[in-house]
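Visitor: I am new to this structure. Please take me through one part of it, up close.

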Amino acid sequence: MKQSIYGLTFEQLTDWIMEHGEKKFRAKQVWDWLYQKRVTDFSQMKNVNESLINLLESHFTLGTLTEEIKQESQDGTIKFLFKLADGNVIETVLMRFNYGLSVCVTTQVGCNIGCSFCASGILSKSRDLTSGEIVEQIMQVQHHLDNQGKDERVSHIVVMGIGEPFDNYDNLMDFLRVVNDQKGLSIGARHITVSTSGIAPKMYDFADEGIQVNLALSIHAPNNDLRSKIMKINKAYPLEKLMPAIDYYLEKTNRRITFEYILLKDVNDHKEEAEQLANLLKDKRHLSYVNLIPYNPVADHPYDRSEKEAILTFYQTLMDRGIKCGVRTEHGTDIDAACGQLRSKQIEKEKARKKKKLQNS
Ligand code: SAH
Ligand code: SF4
């Protein structure tokens, strides 16, 4: 099967072109057509010699994703459901903020981490996405914007869709290099955030990359007992392994970490947990920001959203202890834009359809 050309970093494309007997400067031309002019067919690469176009055409595709569903919410959020070449479906979300347009990308088909509150965790991972499939999500959204003709561009990326990015580390890194490349999409590293459930060894690697991309850690509980209950990854990487990894990252990069904390009613939203969290972070509060996330209830999951009062008390307790924090505003709740919800609904529908078909046959 042909490989997606979007999976190659500029260096990889240059090497490939030179290995195939073409001049180095051609890589820059091709890159420009892909990411600046954003063509949808190799033949549109006007200043590229025919032999190279033929060569590219025979080895690569300009897209393996096909749009299945596009839902626009009243607040401008757009949810895309894409079909991959192997028939799997993934979701990508475009959100509008006053500071720009942000895209939430998926990194795996399903997720093996299995957090008990997450819709993505229900369906275990069937495979990693390739770097090309991750880049293509951005390209699909950018092409959609280009077609609208309003001269809008994707300015921010959050790697917070389905999947654990650090469980697909090499493809994640290639993806980051492609979208960040200044000759191409040039999405600033400071405008990109990668969220992890806390795969500690990879946090050391990420700190060593020397890249300015932001890191978010899904902490969700301030002690091992509770954290292991809602996130089974905590058994492999409990807080005594996670905190040194965080310290290493902070020391190495001097960059702020965002701690994500989903508020689950009567589970982790008591004042006591806010105090424990403040204690856990107190020696690094100058480089910490806690993002309090109102839970998006998922069908068949035992959790509810915290009461407003509990959210405010939690927030105030952290603030009183000098921990900077905020409550995440929601986007596209009318279109299931949260974390794997549209995809899991779609899969349920598909299952029901197949079952019905079976009964009728
Ligand atoms: N696997 C990574 C990134 C994807 S999940 C991680 O866990 O960090 C991105 C964020 O969405 C995580 O903080 C996750 O805990 C949160 N999330 C998952 N399901 C949610 C739900 N139903 N409501 C609100 N946030 C959710
Ligand atoms: Fe996977 Fe993140 Fe969902 Fe946990 S919250 S199951 S790590 S996608």
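Visitor: Let us look at the ligand sites. What classes of residue make up the shell around ligand 2, and what surrounds ligand 1?

Guide: Keep in mind that this is a predicted model. We start with ligand 2. Its shell divides into 5 nonpolar residues, 4 polar ones and no charged ones. In total, 9 residues stand around ligand 2. C111, I113, C115, C118 and S197 come nearest.

Now turn to ligand 1. Here 18 residues form the surroundings. The closest are G163, S195, S218, H220 and N296. By class, this shell holds 8 nonpolar, 8 polar and 2 charged residues.

Go down to single atoms. Look at H220 first. An N or O atom in the side chain of H220 sits 2.7 Å from an oxygen atom of ligand 1. N296 uses its backbone instead. A polar backbone atom of N296 is 3.0 Å from a nitrogen atom of ligand 1. Then comes E260. A polar atom of the E260 side chain lies 3.2 Å from an oxygen atom of ligand 1.

How much of ligand 1 does the protein bury? Taken alone, ligand 1 exposes 530 Å². The protein buries 95% of that. Two elements give two or more residues to the shell: strand 10 (192-196) and strand 12 (257-263).

Stay with E260, in strand 12. Its side chain also meets R328 in a salt bridge, at 3.4 Å from N to O. R328 lies in the loop between strand 14 (325-327) and helix 12 (341-360), so the pair ties together parts that are 68 residues apart in sequence. E260 counts as buried because its relative accessibility is 4%, under the 20% cut-off. R328 is partly exposed, at 29%.

Step away from the ligands for a moment. The UniProt annotation "active site", from an unreviewed entry, covers E91 and C339. E91 is found in strand 5 (residues 89-97). Is E91 buried or exposed? E91 is buried, with a relative accessible area of 4%. Its side chain makes a polar contact of 3.0 Å with the side chain of K79.

Back to salt bridges. The count for the model comes to 20. The closest N and O atoms of D205 and K202 are 4.0 Å apart. Both residues lie in helix 6 (residues 200-208). They are 3 residues apart, about one turn of the helix. D205 is partly exposed, at 34% relative accessibility. K202 is partly exposed too, at 27%.

Another salt bridge joins D283 and K284, with N and O atoms 3.2 Å apart at the closest. D283 is exposed, with a relative accessible area of 55%. K284 is buried, at 4%. Finally, D86, R127 and E133 are linked in a network of salt bridges.

To return to where we began: E260 has a polar side-chain atom 3.2 Å from an oxygen atom of ligand 1, and its side chain also forms the salt bridge with R328.

Notes
Residues numbered from 1 in each chain as written. Chains lettered and ligands numbered in written order. Predicted model: local features only at pLDDT ≥ 70, side-chain atom pairs only at ≥ 80, totals over all residues. Heavy atoms only, no water. Near = heavy atom within 4 Å. Polar contact = N/O pair within 3.5 Å; in protein donor to acceptor, adjacent residues only side chain to side chain. Areas by Shrake-Rupley, 256 points an atom, 1.4 Å probe, with all protein chains shown as cover. Helix = DSSP H or I, 4+ residues; strand = E, 2+ residues; numbered from the N terminus. Nonpolar A, V, L, I, M, F, W, Y, C, P; charged D, E, K, R; others polar. UniProt positions renumbered as here; feature names shortened; annotations may be inferred. Buried < 20%, exposed > 50% of the residue type's maximum accessible area, 1.4 Å probe, protein only.
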